[in-house]
Amino acid sequence: MTPRIQFLGSNRREFITLLGGAAAAWPLAARAQQPAMPVIGFLNSQSLDAIADRVRGFRQGQKDAGYIEGENVAIEYRWAEAQFDRLPALAAELARRQVLVIIAANTSSALAAKAVTTTIPIVFNVADDPVKLGLVASLARPGGNLTGINSLIGELVAKRLELLRELVPRATRVAALVNPTGPNAEPALRDIETATRAMEMQIKLLNASTSGEINAAFATFVHERPDALFIAPDSLFTVRRVQLAHLTTRHAIPAISFSREFAEVGGLMSYGSNQSDNYRQVGVYAGRILKGVKPADLPVVQASKFELVINAETARTLGLIVPPMLLARADEVIE
């Protein structure tokens, strides 16, 4: 016979209470034993709405590396909204948070992140040579705690001017819009002056570091009347892409940008590396670092995918006829 256990009075209730409490504690104990979800910091001088496609590329790279946001990795986003003076504080905040990796998704962010930590791995996406920027020792052997992608935006200055002249053959007087406070200003000016000299173009430099200064720069067009506008690489101009597209159309000035987002919102033309692919590679590198690979052992990747985007509707508005050969070379034509 199976022995029977008898409970008298309150003893039975106490046993049931203890049993229920132990059962409730089991899942809590199981959760406590699970490793904490790794946290990545994402630092950017722009805004999410300005680079939404790029962020999707980053998440795809994370997925390729085996990480899905909210499932096995958490991401803390910090957006400076084109207020570059906020970047040092935002970078310091992520360092205090002790994230496992910092994604510094443009040059300004990379410099700010480098200034606050020598130990937390940083994966960057920068516009110019990261060796010249002082971010890494070399492309093949970065050393230190940084690695990432060189998007080669600065190296494509001459190519953009060639495309602009191909669309506007009469363009000999070109205005160049530059953010003098941005980290890309000095190399951009050097590359612009070299390229325009080789192409026998006259260049008029216009400085703008704020939305108001952009408006003021365009006000000079009423008197100067350049043949075309070259928008120098800078994240400020990505954030202010709608303003720039509106002003170039309003003043009937053909313009080319480094950022496809400019053409997407009504700007005439853009040419540059495929930033969604660059961000995807950043996501892959972040995943590899989470798995234990050191940044010093990950060589800097040079961008390899480039795209020409032409807004045909804007071209018609400006009275321009896009040459068939140029249309054929475009990766995307916006009608």
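I start with the residue classes: Ala, Val, Leu, Ile, Met, Phe, Trp, Tyr, Cys and Pro count as nonpolar, Asp, Glu, Lys and Arg as charged, and the others, Gly among them, as polar. On that scheme, the lining of the largest pocket divides into three nonpolar, seven polar and six charged residues.

Some housekeeping. This is a predicted model, where local features need pLDDT of at least 70 and side-chain atom pairs count only at pLDDT 80 or more, while totals for chains, interfaces and linings use all residues. Residues are numbered from 1 along each chain as its sequence is written, and side-chain values use heavy atoms, with hydrogens and water left out.

Now the void terms. On a 1 Å grid over the protein atoms alone, a cavity is a set of points where a 1.4 Å probe fits but cannot get out; a pocket is an open set with protein on both sides within 12 Å along at least five of seven lines; and lining residues have an atom within 4 Å of a point. Points are joined across faces, edges and corners, and a volume is the space filled by probe spheres set on the points.

The largest pocket comes to about 170 Å³. It is lined by 16 residues, and the closest to its centre are Arg260, Glu261, Ser273, Gln275 and Glu307. Two or more lining residues come from each of helix H2 (52–64), helix H11 (260–264), strand S10 (269–273) and helix H12 (275–290). Helices (H or I, at least four residues) and strands (E, at least two) are DSSP runs, numbered from the N terminus. The top contributor to this pocket lining is S10, with four residues.

How many cavities of 30 Å³ or more does the whole structure hold? The search finds one. The volume of the largest cavity is about 170 Å³. Of its 19 lining residues, Asn106, Ala127, Ile153, Asn184 and Ser235 are the closest to the centre. Helix H4 (107–116), strand S4 (122–126) and helix H9 (235–239) each supply at least two residues of that lining. By class, the cavity lining has seven nonpolar, ten polar and two charged residues.

Last, the backbone. Glutamate 81, not a glycine, has a positive phi near 55°, and sits in the loop between strand S2 (74–79) and helix H3 (87–96). At 39% relative accessibility, glutamate 81 is partly exposed, that is, between buried (under 20% relative accessible area) and exposed (over 50%), with a 1.4 Å probe and protein chains only. Alanine 252 also has a positive phi near 55°. Alanine 252 is in the loop between helix H10 (241–250) and strand S9 (255–257), and is partly exposed at 45%.
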